[in-house]
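This briefing is meant to be read with the sequence and the 3D view side by side. It goes through helix packing, a metal site and a few individual residues in turn.

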Amino acid sequence: MDTLIRIGMAFSIFALMMVWEWLSPRRTFALSRKQRWPVNLGLAITDMVIMRLTIGGLAYVAASMAQEHRLGLLQVLAVPPPLAILISIIVLDFAIYCQHLASHKWPWFWRLHRVHHTDLAFDTTTAVRFHPLELIVSMLYKAFVVVLLGAHPTAVVVFEIILSSAAVFNHSNIYLPERIDHTLRWLIVTPDMHRIHHSPIPAETDSNYGFSVSCWDRLCRTYTQQPQNPQTEMDIGLKAFRKADELGFNNLLKLPFQTLEK
Ligand SMILES: [Zn+2]
């Protein structure tokens, strides 16, 4: 059930952001959508099928088991459900920030995560461009954190909805006036903030790891306020992968097993 709620919410936000970026785009694309969208959406469908057939609901199952058997810190301490839900959401969000940081620092993990960063443009569809193995690793890690923490099952559902909605929002190509962007950034990750993370300049790629709230990057000193080049002109992607015709669906599936280049 939690998967259905999450998928329904994700589809609604996805469609909304696509309409928004079509009506009010932040940047114009040099690259045709025909070259990117089938690849990104193809990966999204593949990921959905693989996760549905394998461990898509593992974090929720882990939370239910932790609750039933009183496993994990919050269960052992018998923290009341409203507070336990709030703490679980905050801790899970920080855990995902740490995971994202690790996916850039650990070479084997970067092999998986770089698939996401090879997109040569940045829009709503970039949010779903992930190698299926990265999603499997991510789900195993989430389930581990859930059991360790004793996260409440409701918190897992709410967290997954927040995470997928935030990812679709902060990858979108929507125009937000600078004043609104700056105000929102005190609390949440905006598209202008996350776009910097998709810059091919290493100092910018290695910053702005947060997905939902902006405080983790500020607290952990990984925050970059502005890119070196203007937001509307900065390059997107990785220096080693500049040719769209070499970044097809099949090549991306094989990418983690090829020579490591940043
Ligand atoms: Zn990244």
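The axes of α3 and α7 come within 8 Å of each other and cross at roughly 15°. Because an angle under 35 degrees counts as roughly parallel, α3 is roughly parallel to α7. The model is a predicted one, and the points below are grouped by topic.

**Helix α3 and its surroundings**

- The crossing that α3 makes with α7 is right-handed, and in it L58, A59, A62 and A63 of α3 meet M139, L140, K142, A143, V146 and V147 of α7.
- The buried residues of α3, a helix that spans residues 58-68, are A59, A62, A63 and A66. These residues cover an arc of only 100° around the helix axis, which puts them on the same side of α3.
- As a general point, an α-helix has 3.6 residues a turn, so residues three or four places apart point the same way.
- The cover over the buried residues of α3 includes α4 (73-76), α7 (132-149) and α8 (153-170).
- After α3 comes R70, which has a positive phi, near 50°.

**Packing of α7 against α8**

- Helices α7 and α8 pack at an angle of about 140°, and their axes are 13 Å apart.
- In passing α8, helix α7 makes a right-handed crossing.

**The zinc site**

- The zinc ion has as its protein donors the NE2 atoms of H100, H104, H113, H117 and H197, which lie 2.1 to 2.2 Å from the ion.
- Along the chain, the donors of the zinc ion follow the spacing H-x3-H-x8-H-x3-H-x79-H.

**Cysteine C98**

- C98 belongs to helix α5, which covers residues 81-105.
- Buried residues are those under 20% relative accessible area and exposed ones are over 50%, so C98, at 29% relative accessibility, counts as partly exposed.
- Between C98 and T28, which are 70 residues apart along the chain, the C-alpha atoms are separated by 32 Å.

**Positive phi in two loops**

- N208 is not a glycine, although its phi is positive, at about 55°. This residue lies in the loop between α11 (202-205) and α12 (215-219), and N208 is buried, with a relative accessible area of 0%.
- R221 also has a positive phi, of about 60°, without being a glycine. Its place is in the loop between α12 and α13 (249-254), and R221 is exposed, with a relative accessible area of 79%.

Terms used:
Residues are numbered from 1 along each chain as its sequence is written. This is a predicted model: local features need pLDDT of at least 70, side-chain atom pairs count only at pLDDT 80 or more; totals for chains, interfaces and linings use all residues. Side-chain values use heavy atoms; hydrogens and water are left out. Donors are N, O and S atoms within 2.8 Å of the metal (3.2 Å for Na, K and Ca); water is not among the atoms, so sites may look incomplete. Buried means under 20% relative accessible area, exposed over 50%, partly exposed in between (1.4 Å probe, protein chains only). Helices (H or I, at least four residues) and strands (E, at least two) are DSSP runs, numbered from the N terminus. The arc is that of the directions from the helix axis to the C-beta atoms. Contact means heavy atoms within 4.5 Å. Axes are lines fitted to C-alpha atoms, for helices over the stretch in contact, and angles run from 0 to 180 degrees between N-to-C directions. A crossing is left-handed if the near helix is turned anticlockwise from the far one by less than a right angle, and right-handed if clockwise. Angles under 35 degrees count as roughly parallel, over 145 as roughly antiparallel, 65 to 115 as roughly perpendicular and the rest as oblique.
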